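Hi everyone, thanks for coming. Let me put the structure up, and then I'll walk you through a few spots in it.

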Amino acid sequence: MSDFEFSVPTSRPVAEVKATIETEIASRLPGGRIQRFWEGDVFRLVGMGADGRIEVRPGEIRASATLKAPLSFMKSKVEQGLRETVARAAAGAAAAAPADGPTQAAPVALPPQEEAPPTDLDELRGRVEGVILPGVQAHDEFLTNFGHIHHWRPRVVVKPVTAEDVLAALAYAARHGLTVSTRGAAHSQSELAISRGGILLDMKSMGRILALDEAARTVTVEPGAIWRDVVARSYRHGLMPPVLTNNLSVTVGGTLSIAGIGVASFRYGAQTDNVEELTVATVDGTVHRCSRHEKADLFWGVLSGLGQIAVILEARLRLRRAKAMTRTYYLLYDEPRRFLEDARTAMESGRWDYIESWCSPSLQGFKWVEGGRQPFARWFFPAHLTVEFEGKEPDQAALLDGLRPYETLYVDDLPTHEFANRMLPAFDLWKKLGTWEHHHPWMEGILGYSVAGDFLDAVLPDLSPGVQVGGHVLLWPARSSVSEVPLFMHPQEEHLIGFGILPAVPPKLWEQAKPRLQMASELLTGMGGKRYLSGFIDFDQAQWREHFGPQWERLSALKELYDPEGRLNPGFVKY
């Protein structure tokens, strides 16, 4: 029995209808996991748990589908796509989406961006201690971000060095009807950390470490502080932030606006979970101090709030006591479900301080994918399990008890501060190879354990091992119960797995890669996963509402309260 079926009348010749169906399906379903073939006048779609049929008759097109995992998790998206395909085939490829189907949200209109007279810039320079640059003088680095996908020119670049500089820029924006976008290390890949004709606040110029309280185990920093510097400063006192991202060259303000995930997140949550207090400025020029106990709604609206509510001026962060050395056990798995089981065992055991993993391809040859021959791989799953220690050597037998890796490859000792910087050689290599300047449309998300194996089975077989050139395929085990940040969205299951396809795509291959990454994103969200928002995101309003779910009203209300004209970081979130 079909999960859904429908029919649509058509006046087009059968041959034209068939040709349109083939074109539409090819554009919607890149990759070879779903087989497509004609059985007479019936176009079949078979694979990934789907058995779809599109029957073309004179005057009518009939469609139906039976779905099993993993595509059964995204039934509504599959049905929507099939209805749109059939509607276009019935009316011609240029036809609009069917009237009863979802429609794309209209682009959000940005406030008009008028040229600022030089005299006004002189006035702004008189109020700002930092650097002011007219947009025409903005360096190339300010026109894009790590994604290298969007390229916009700001009207004005402000490099503030004090909170008063930020307030002066906000006041200037209000007088001239300009938007304000904040920028740290610009590691985002979507419409963040860049400005289309507004003010770009380059917050790296506010990068001081203001105070470290060893007794309270906190450090107070400005938003442009680099995490590597925070580690260096705190480690002198035997302390470290509980959670560090793999790339320590990003700013505190940047990761606190997204979430900040690392190899200790299964213990301590996100970096946003480890903030004691914020000082922020809202667009009306008011400076607020907020925490879990003071202006809590504002506090939780800024953390993982994508820069939508306020500009961070200072952050007081938690630290933890760190031991001097780390020991890492390099384990290898040849089957994803065994890896997932052992990762859950490792998380629950309480033995490990860090768990790091990814998907590693072993190139096998070439196979047919989407009408061409593409490299394919047998995928393995390395897992690096790490403990901190001082004095007494770790007990390897006790640590690895209950784990069932395919092979234990290596054991490595590093000073803890060097472990925190372990990814530097990889980043340096990518820069030397030139891939750092390629497009970075990273597709990152978080899945519940109940669907993680099915998702990996669906995505990895047709994923080219070439993704490893200048990138990798990331896995990171996590738990829901260690995070309390309302706007950091993830499935509600206790055990989670983060997954990321992190490619470096040459610009000329971007249009070819984009639909494949989009399909992986839609499968992830269709299976109940949530996207991690530092990556490449192309959501419409309905998808943003779906992403935030019950928190959408909270975010929208805070936006209306603190930024009613939508000046802060516009264009990314569609309200």
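**A serine, a helix pair and some cysteines**

So, S64 counts as buried, because its relative accessibility is 14%, where buried means under 20% relative accessible area, exposed over 50% and partly exposed in between, with a 1.4 Å probe and protein chains only. Before going on: this is a predicted model, where local features need pLDDT of at least 70 and side-chain atom pairs count only at pLDDT 80 or more, while totals for chains, interfaces and linings use all residues. Residues are numbered from 1 along each chain as its sequence is written, and side-chain values use heavy atoms, leaving out hydrogens and water.

Back to S64, which sits in strand β5, residues 60-67 (strands are DSSP runs of E, at least two residues, and helices runs of H or I, at least four, numbered from the N terminus). Leaving aside residues up to four places away in sequence, S64 touches S2, F4, E5, D51, G52, R53 and L82; contact means heavy atoms within 4.5 Å.

Next, the helices. The axes of α13 (residues 449-459) and α14 (residues 510-526) come within 11 Å and cross at roughly 160 degrees. The axes are lines fitted to C-alpha atoms over the stretch in contact, with angles from 0 to 180 degrees between N-to-C directions. On the α13 side the contact is made by F455, A458 and V459, and on the α14 side by A520, L523 and L524.

Last, cysteines. C290 counts as buried because its relative accessibility is 0%, and C359 is buried at 0% too.
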